[in-house]
Amino acid sequence: MNESTFESLGLVEPILSAVSASGYEHPTPIQTASIPALLAGRDLLGCAQTGTGKTAAFALPIIQYLQKSLISRNPRSCRILVVAPTRELAAQIDTSFEGYAKGSRITRACVFGGVGKSPQVKALSRGVDVLTATPGRLLDLQSQGQLSLANVEILVLDEADRMFDMGFIRDVRRIVSLVPKKRQTLLFSATMPADIASLANQVLCDPVRVSVSPEKPTVELISQSVAFVEKNDKRAYLTALIRAQDTERVMVFTRTKHGADRLASALGRDGIPAAAIHANKSQNNRTRTMDGFRSGEIRVLVATDLAARGIDVDGISHVYNFELPEVPETYVHRIGRTARAGASGQAVALCDSAERPLLKAIEKLLRLPVPVAAGPAFETARLAAKADRENPAREVEAPRPYRGGSGRSGGPSSRSSGPSHGSGPGHSSGDRHSSGARGAPRGRSSSSLHAGRNSRIMETGREVDHGAAVARGPRQARRLPDGRPAPGRSPGARPGGRGHEHSARKGPSAE
Ligand code: AMP
């Protein structure tokens, strides 16, 4: 049990408020070990993976350092340089800085390849406090004179072993040669092969060494299953499943903020007390929602991954992946919300045909197949979705006060036993890994979005929405009581307007 507090590590306001706004109650082991040393200006060699809280371990002391020494920035320069192997990780780190530095005057930019340079050049033109970058684009901008690394005070090399595997090591060495010798350097790596140890020897000066393994959710206590449900059937299926399973406290994960809003409203209309939580909600609203969820007033919390960070509520009986995450590790993180404190829990993934490659990636990470869902509750849900598809005007089930369902879940079957839902109408047929699966959206669509919107210096806290605010599909249109589609709204509009807020954005994972 980690008894330290963020305060005892030397963090002060407003960082402490930012941390508690993120819902973190205690520092993770890597934070406990790293933060005091980093605040003292030490170099650090961290042997830690994603999932340990390492981003906050370096971001929080860096933000505190910047807040104490906000100076005018030189054009086309940065004071803090974070180098990460992939655009996804870079975007994630940048988003973390955004959250932890909310309300401050700290400026940021995030640059990576594969997208246009102009917005990045513009974002860097006046100089930024924190630049998060992938190596190639960073050197590209530097060689074109759009960026100087001569003012870097703190250099963070994240996931160094991955940079090595991806062939970036020469780029990393070049970056190190371009930053001032007098600097603070942090190097994180999940593994420490000889090449990384030698790099660490060259770039770090008398570092503090910290090594932690990720906190693994007790996956064996979680009963996992996957139900093959086509996208347009998911809502009706989920509603019926929540009712039919013996649910107590439920978390549902969606990919987008708008998706979370829409789903929470739909569940509410079906008589299931639900609320959405995401970064566009005010802090007050989030606190109210979390209080309601903890007290049981809200039975279903519909969350995006970023908003779900740090949510630590006991007694979550079921986690539903309404959409599969694009990063397989996120799946483990999501399902770990159940089965806390030794309790058991169920995790059900709703997988449509386009998501099959994502399921494969998850199974590869788990080194296990996720059992196909089977049993009475799933059968009820399948029939409800079918009925809803065939007669959209019909209610999935008459709304009734929610009590957590009367039916019992049959629990997941093994892959080989029990009837699978994979072959029914509305479910993908045939082999679950059939070649009929379309390529699922890979690579977070936020990448290009991030360049356009997030890479610009931002002081407003906004979550990256990994998809546009466009709901498609006729079944999502509102209907008149007689079942005809309601006029006057495109299927893409969502209740409450603002549906096309970011419609200019594009990306493979746009809903
Ligand atoms: P990272 O290893 O930086 O990718 O972080 C993994 C997850 O842990 C993220 O979802 C963070 O928001 C979350 N996290 C980081 N620090 C804490 C903390 N002290 N308490 C709870 N969650 C945390």
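Predicted model: local features only at pLDDT ≥ 70, side-chain atom pairs only at ≥ 80, totals over all residues.

Student: What makes α6 a helix, and which of its residues are buried?

Tutor: Helices are DSSP runs of H or I with at least four residues, strands are runs of E with at least two, and both are numbered from the N terminus. Helix α6 covers residues 135-143. A residue is buried if 20 or more other C-beta atoms lie within 10 Å of its own, exposed if 12 or fewer, and partly exposed in between, with C-beta atoms placed from the backbone. Pro 135, Arg 137, Leu 138, Leu 139 and Leu 141 are the buried residues of α6.

Student: How do you know what these residues pack against?

Tutor: By contact: two residues touch if their C-beta atoms, placed from the backbone, lie within 7 Å. The partners of the buried α6 residues include β2 (78-83), β4 (128-133) and α8 (169-178).

Student: Why are the buried residues of helix α15 said to lie on the same side?

Tutor: In α15 (residues 356-366), the buried residues are Arg 356, Leu 358, Leu 359 and Ile 362. They cover an arc of only 155 degrees around the axis, so they sit on the same side of α15; the arc is that of the directions from the helix axis to the C-beta atoms. They pack against β8 (222-228), α14 (328-335) and β13 (345-351). Arg 367 follows α15 and has a positive phi, near 60 degrees.

Student: What makes β3 and β7 edge strands?

Tutor: Two strands pair if DSSP finds at least two bridges between them. Seven strands form an open sheet with parallel pairing, in the order β3-β4-β2-β5-β6-β1-β7. Both β3 and β7 (208-211) pair on one side only, which puts them at the edges.

Student: How do you know that β1 pairs with β6 and with β7?

Tutor: Four bridges join β1 to β6 in the parallel sense, and four join β1 to β7, also parallel. Gly 46 has Phe 188 as its bridge partner in β6, while Cys 47 has Ser 211 in β7.

Student: Why are both faces of β1 called covered?

Tutor: Leu 44 and Gly 46 on one side, and Leu 45 and Cys 47 on the other, are all buried. In a regular strand the side chains alternate between the two faces of the sheet.

Student: What makes a nonpolar core, and which residues touch the most other members of the largest one?

Tutor: A core is a set of buried Ala, Val, Leu, Ile, Met, Phe, Trp, Tyr and Cys residues joined through C-beta atoms within 7 Å. The largest has 72 residues, and Leu 60, Ile 63, Leu 81, Val 83 and Leu 131 touch the most other members. Helix α3 (residues 54-68) gives the most, eight residues. Another core, of 55 residues, lies apart from it and has Tyr 237 and Leu 359 among its members.

Notes:
Residues numbered from 1 in each chain as written.
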